[in-house]
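This report is written for a reader who is meeting the structure for the first time. Please look over the sequence and the model before reading on.

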Amino acid sequence: MLITFTLFSQQSLPVLNELDEKEHYYGSLALKIWDWAELGYLEFQSSALLQETLKKEGFSINSGVAEIPTAFIASYGSGKPIIAILGEYDALPGLSQDSLPLKKTLGKAAGHACGHHLFGVGSAAATIAVKNWMQNSGQTGTIRYYGCPAEEGGSGKVYMARAGLLDDVDIVIHWHPGSSNSANASSSLANISAKFRFKGISAHAAGAPDKGRSALDGVEAMNHMVNMMREHVPDDTRIHYVITDGGKAPNVVPDFAEVYYYARSPRRADLVNIWEWIVKASEGAAMGTGTRVEHEIIGGVYEILPIESLARIAHKHLAHVGGVQYDEHEKSFARQISESLTGSPEFSSFSHANVEPFEIKMRKGGGSTDVGDISWVVPTVGLRTATWVPNTPAHSWQAVAAGGMSIGRKGMMVAAKTMALTAMDLFLNPDHIKEAWEEFESKRGKSFQYKALIGDRPPALDYRK
Ligand SMILES: [Zn+2]
């Protein structure tokens, strides 16, 4: 054991040194993507930059995969095992913010409030470091980077999984920016989203209301029914909606109205039942208001299937790499961000500097991710690192701010190092891969067949337009 570990340290040292040396280079790439802040399926510059970066390093590039112009796969080496690292690069609408510890917009349409600029570049850094190690050591196999667009509501990876692009992959590694460092075996929420479009008959709202049928009534009746449903679904269900079109003027009976729904559950089977009920509510609402309704599924993702054996490996390497250390400037930045979040400049949790103890969290609330679908196709392992000041929630201006300065860059490099070491460990120990597949198949069930929740719809390339 000791001998193996020493050998591993000998091999990993140059990899860690390379990543240290290139920290500012990768930081500058991430800042470009942060600055462009391109929305889902519109990440043309961000995707091109990542492709160029990997191409220059000798990767072969397959771009526009799964009928998505900004999706790509970069590959190096040949044969088995095939280890894949995922990258994301889409921004969020609104949430434009300068890299300052006070709320100040840059006046742009979008911002990187989920840190996907770091996600994309950190994963590329890890992939390139593994490639260089393979080149230098003569390690056989294939290392790939999956350029995955439109994570935020676009379900980009679902189309990639549905197209079979991961079918030959042995293990998938991913990470996500956060405000602490952890590599737990944790799950996420399955999610289905759709736009319900009601059609009625317009008429003068005062002069001839009896001639009209209000599409907005349809939306309101549906929302009312769904809000009553909440009492009768499992406690951990999440349902949210926004009315994206409610008519144009009060004196015109609206002939069109649209409501955009998300429903989530930690269990896909429950979600499917809840979703059928929501669809029935839309039909009932249309019937009762004399309108018609159709819905378009926009996104749908599985809950993450955590693989404990892989998570323990990633945790070991994350603990070895360690958390993020702040210099004086970063401490003062963090104090101001903390003040804006909690009213106190203390950020004494030290969650940026420490690595959380290993934990198995099957029913973590919070968000959904399209990594979920991939995790049911290939054994998948993920981690989070502190790219944001402790206690910062995702999708906040504070996340955009820290992601645009050195704290974001440092957190990104912790992730890059951990993923590179994890990938190397898997290449060097085929037993780890075998064990992961055994756990994966027993958890997934032998008869499991992947079927995307989005059905056969083509990628919703215009969902942000
Ligand atoms: Zn995200």
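This is a predicted model: local features need pLDDT of at least 70, side-chain atom pairs count only at pLDDT 80 or more; totals for chains, interfaces and linings use all residues.

How many bridges join strand 3 to strand 6, and do the two strands run parallel or antiparallel? Seven bridges join them, and the two strands run parallel.

Because seven of the seven residues of strand 3 are buried, the strand is largely enclosed by the rest of the structure.

These strands belong to an open sheet of six strands, whose order is 1-2-6-3-7-14 and whose pairing is mixed. Strand 1 (60–63) and strand 14 (380–386) stand at the edges with a single partner strand each, so one side of each is left without a neighbour in the sheet. From one strand to the next, the twist averages 20°. Helix 3, residues 44–56, packs on this sheet and touches strand 1, strand 2 (72–78) and strand 6 (141–148), with a direction that makes about 10° with that of strand 2. Helix 13, residues 406–428, packs on the sheet as well, touching strand 3, strand 6, strand 7 and strand 14, and its direction makes about 165° with that of strand 7.

Another open sheet is formed by four strands in the order 10-11-9-12, with antiparallel pairing. Its edges are strand 10 (238–245) and strand 12 (292–301), each of which has a single partner strand, so one side of each lacks a neighbour in the sheet. With direction ignored, neighbouring strands of this sheet are turned by 20° against each other on average.

Within this sheet, strand 9 (residues 190–199) and strand 12 pair in the antiparallel sense over nine bridges, and Ser193 has Gly299 of strand 12 as its bridge partner. Helix 7, residues 215–229, lies across strand 9, strand 10 and strand 11 (256–265), running at about 20° to strand 11. Helix 8 packs on the sheet too, where it touches strand 9, strand 10, strand 11 and strand 12, and its direction makes about 10° with that of strand 9.

| Helix 3 | strand 2 | about 10° |

**The nonpolar cores**

Which residues touch the most other members of the largest nonpolar core? Among its 134 residues, they are Tyr146, Phe196, Trp275 and Ile278. Helix 13 provides the largest share of this core, 13 residues. A second, separate core has five residues, including Trp34, Leu92, Cys114 and Val400.

If neighbours within four places in sequence are left aside, the contacts of Phe196 include Met222, Tyr261, Trp275, Ile278, Ser282 and Val293. Is Ser282 buried or exposed? Ser282, which is found in helix 8 (residues 268–289), has a relative accessibility of 1%, and because buried means under 20%, it counts as buried. With the sequence neighbours within four places again left aside, Ser282 is in contact with Phe196, Phe198, Met222 and Val293.

**The protein as a whole**

The protein has 14 helices and 14 strands, and buried residues make up 58% of its 465 residues. A compact globule of 465 residues would have a radius of gyration near 23 Å, and the protein has 23 Å, which agrees. The C-alpha trace spans about 85 × 55 × 40 Å along its principal axes. Of the contacts between residues at least 6 apart in sequence, 82% join residues at least 24 apart. The protein exposes about 19200 Å², of which carbon and sulfur atoms supply 53%.

Technical notes
Residues are numbered from 1 along each chain as its sequence is written. Side-chain values use heavy atoms; hydrogens and water are left out. Two strands pair if DSSP finds at least two bridges between them. Axes are lines fitted to C-alpha atoms, for helices over the stretch in contact, and angles run from 0 to 180 degrees between N-to-C directions. Contact means heavy atoms within 4.5 Å. A nonpolar core is a set of buried Ala, Val, Leu, Ile, Met, Phe, Trp, Tyr and Cys residues joined through side-chain atoms within 4.5 Å. Buried means under 20% relative accessible area, exposed over 50%, partly exposed in between (1.4 Å probe, protein chains only). The radius of gyration is taken over C-alpha atoms; the globule rule is 2.2 Å times the number of residues to the power 0.38. Accessible areas come from the Shrake-Rupley method with a 1.4 Å probe; for residues, only the protein chains shown count as cover.
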